[in-house]
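I opened the notebook to record what I looked up in this structure. The entries follow in the order I made them.

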Amino acid sequence: MLGDLPDELQIRVLLLLDVSDVISCKRVCRRIRSIIDDTAVIRYKLELCAAAMLDTGGMPNLSVSERLSRLRAYDEAWHTAPLQFRPLLATEDPDEYEDWWTTTGGTIPYTSRGTIRLFRPLSVSRAVPERTWTLDFPEDFEEHPAWISVDFAQDLIVLSRMTRIQLEDSLDCHLYSIERGCAPHPLAIQPILGNRSEAPTPRATACDTFIFGDLIGCTIYGNVKRMLVVNWKTGVTVWDYHYTGRAYFYIIDSSRLILVEGYTMRIYTFDPTATSSRDVAAPNPGTSCELLLPPLASETTASLFFCESQLASVTFTDCTPIFSNDPSSGIIAVFYSIGSNALVDFPESDQALSWACLLMLLPIHTVLSQADYVSSGRSQTLAMGGHIISWDEWGPDGTRCLLLDRSPHYLSAVGSKCAMYFPRGDYSDGMADVLIVDARPWVHLSSSYDDHHCRYPMCILDPSSYSDHRLFKSPLRSKLPYRAMHKEVYIGTESELASSRMALLEDGLAISHVVNPDARPGQTTGVNAGFDFLFT
């Protein structure tokens, strides 16, 4: 038996086991439990898993005990650290600051006076130094970009814009090298990837892009709505989809993606090595499966509001963090507004509403396991060649669903965390509330985990413990463990809120501002463009 072995051999055996088996071993006897609790290398293994992190080898001379201490400090910072104002620009001319985009490649991109700046925040716990990359706009890029995406591992920055040529809209993705100062990327098949929409009118109005290895995912918004996956090294479009309502998609591995469209979710397969583009109105239904969502009660409707995720791994070339997010523990955060003729009771706030907001957190490993389940041939086959998996088959054990009594102004997700911020109703004190939800299988093993239920300014209702919510045909069950954290942030007036944005990074939370600091507590001079940041 394990308990009969010398301590050194027990430690070696325990390090070879999965986390679930190590937890089971703690129940065998007090001696094994004591070894697990008192051995730093085992605690580090357990708490890395609990934090949904992987040791990436940074600072190799750091002892296991010191690495464990830093991991605990990183996890605790999310729980207790306050948001601090960090100015990006201090100037009397607010026009000097132009715009910023959601986080990409572990940085916050923003533009100012013809330059692109990529700001990476400091993380003491992960040993990531603060740095700002400053790039001049390329000579062939004459207008403000519609979107910026970055992948430092491939020395790639993508500047996207919508252009109109002979009444036809085109999404142009310009591929540049970061280290070469926005010179054309040497590995790109061509410096500009362009895809023309089939209909000349009506005009598309916006776009966004993201990078996943050799692939670029693109979405065109407006009355012309189109999603594309393009291999930027070959120039081949490997997936092409036209849609009419609100929809989002995310690449989940090198040959599969998930599409969230209305109250439906589908997984599609594509060939990343295709040698010619396939321009089709919709992907081949024979290569997809549908994940059914919780069945709604009669006369109940669901409207898709937000969907956010950052699933691509972040790698820097100038530093190696001590630990980083485990890509398999990343989540997709989906936010719905649920309307009903019946009143929804929120006991903690003593109110009943005719609607509620549903937050669904879908771990990437849950989605991939369903795709593998389809490949095994055990799922129900649809008439047109796809597959369908009921909510009871995949949802209760692998997801987390929460009901809220209000809708956020912004939603962002990275790793296993999802952040939302909520302006206060009358804007009288200029403050807003931030809610961070961290959903991961072993969150209760975290040293900073606290399972008591705090009161938040927004009401959070866990449907798993409250079945009389009347929105679904049957009680909504979801078992993925989670913890929720609340922060406060100054946003100023209602008009200043309109220009603010929020984004989540691996190293913290950022909320942007362009405000007159004379009205901001603790600030007295100039006009600041900056953000409130939770530093780890």
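**Entry 1**

The model I am reading is a predicted one. Glu299 sits in the loop that links strand E19 (288-291) to strand E20 (300-308). I checked its backbone next. Glu299 is not a glycine, yet its phi is positive, at about 60°. I noted this because most residues other than glycine have a negative phi.

I then looked up Ala127, another non-glycine residue with a positive phi, here about 65°. Its place is the loop between strand E5 (115-120) and strand E6 (131-136). Is Ala127 buried or exposed, or in between? I put Ala127 down as partly exposed, because its relative accessibility is 22% and buried would need under 20%.

**Entry 1: The chain as a whole**

I stepped back to the totals. I find eight helices and 34 strands in the protein chain. The chain has 536 residues, and 54% of them count as buried. I also checked how far contacts reach along the sequence. Taking contacts between residues at least 6 apart, 63% join residues at least 24 apart.

**Entry 2**

I went through the pairings. E28 (residues 417-423) and E29 run antiparallel and are joined by seven bridges. In this pairing I see Pro423 opposite Ala432 of E29. E29 (residues 431-439) also pairs with E31, antiparallel again, over nine bridges. Here Ala439 faces Tyr482 of E31.

I looked for what covers the sheet.

Why do I call E31 largely enclosed by the rest of the structure? I do so because seven of its nine residues, 482-490, are buried.

I picked His486 from strand E31. I logged His486 as partly exposed, because its relative accessibility is 26%. Its side chain makes a polar contact of 2.9 Å with the side chain of Asp433.

I turned to Val434 in strand E29. Val434 is buried, since its relative accessibility is 0%. I listed its contacts beyond four places in sequence: Leu83, Met420, Tyr421, Met485, His486, Lys487, Val489, Leu509 and Ile511. For Met485 I also noted the C-alpha distance to Val434, which is 8.2 Å across 51 residues of sequence.

Next I looked up Asp438, also placed in strand E29. Asp438 counts as buried, because its relative accessible area is 0%. What does its side chain meet in a polar contact? I find the side chain of Ser416, at 2.7 Å. Beyond four places in sequence, Asp438 touches Ser416 together with Lys417, Val443, Pro481, Tyr482, Arg483 and Met485.

**Entry 3: Helices H3 and H4**

Two packed helices are described by the angle between their axes and the distance between the axes. For H3 (residues 30-38) and H4 (residues 40-50), I have about 75° and 5 Å. The two helices are therefore roughly perpendicular to each other.

Which residues meet between H3 and H4? From H3, I list Ile35, Ile36, Asp37 and Asp38; from H4, I list Ala40, Ile42, Arg43 and Leu46. By class, I put five residues of this contact down as nonpolar, three as charged and none as polar.

Key. Residues are numbered from 1 along each chain as its sequence is written. This is a predicted model: local features need pLDDT of at least 70, side-chain atom pairs count only at pLDDT 80 or more; totals for chains, interfaces and linings use all residues. Side-chain values use heavy atoms; hydrogens and water are left out. Buried means under 20% relative accessible area, exposed over 50%, partly exposed in between (1.4 Å probe, protein chains only). Helices (H or I, at least four residues) and strands (E, at least two) are DSSP runs, numbered from the N terminus. Two strands pair if DSSP finds at least two bridges between them. A polar contact is a pair of N or O atoms within 3.5 Å; within protein, one must be able to donate a hydrogen and the other to accept it, and residues adjacent in sequence count only if both atoms are side-chain atoms. Axes are lines fitted to C-alpha atoms, for helices over the stretch in contact, and angles run from 0 to 180 degrees between N-to-C directions. Angles under 35 degrees count as roughly parallel, over 145 as roughly antiparallel, 65 to 115 as roughly perpendicular and the rest as oblique. Contact means heavy atoms within 4.5 Å. Ala, Val, Leu, Ile, Met, Phe, Trp, Tyr, Cys and Pro count as nonpolar, Asp, Glu, Lys and Arg as charged, and the others, Gly among them, as polar.
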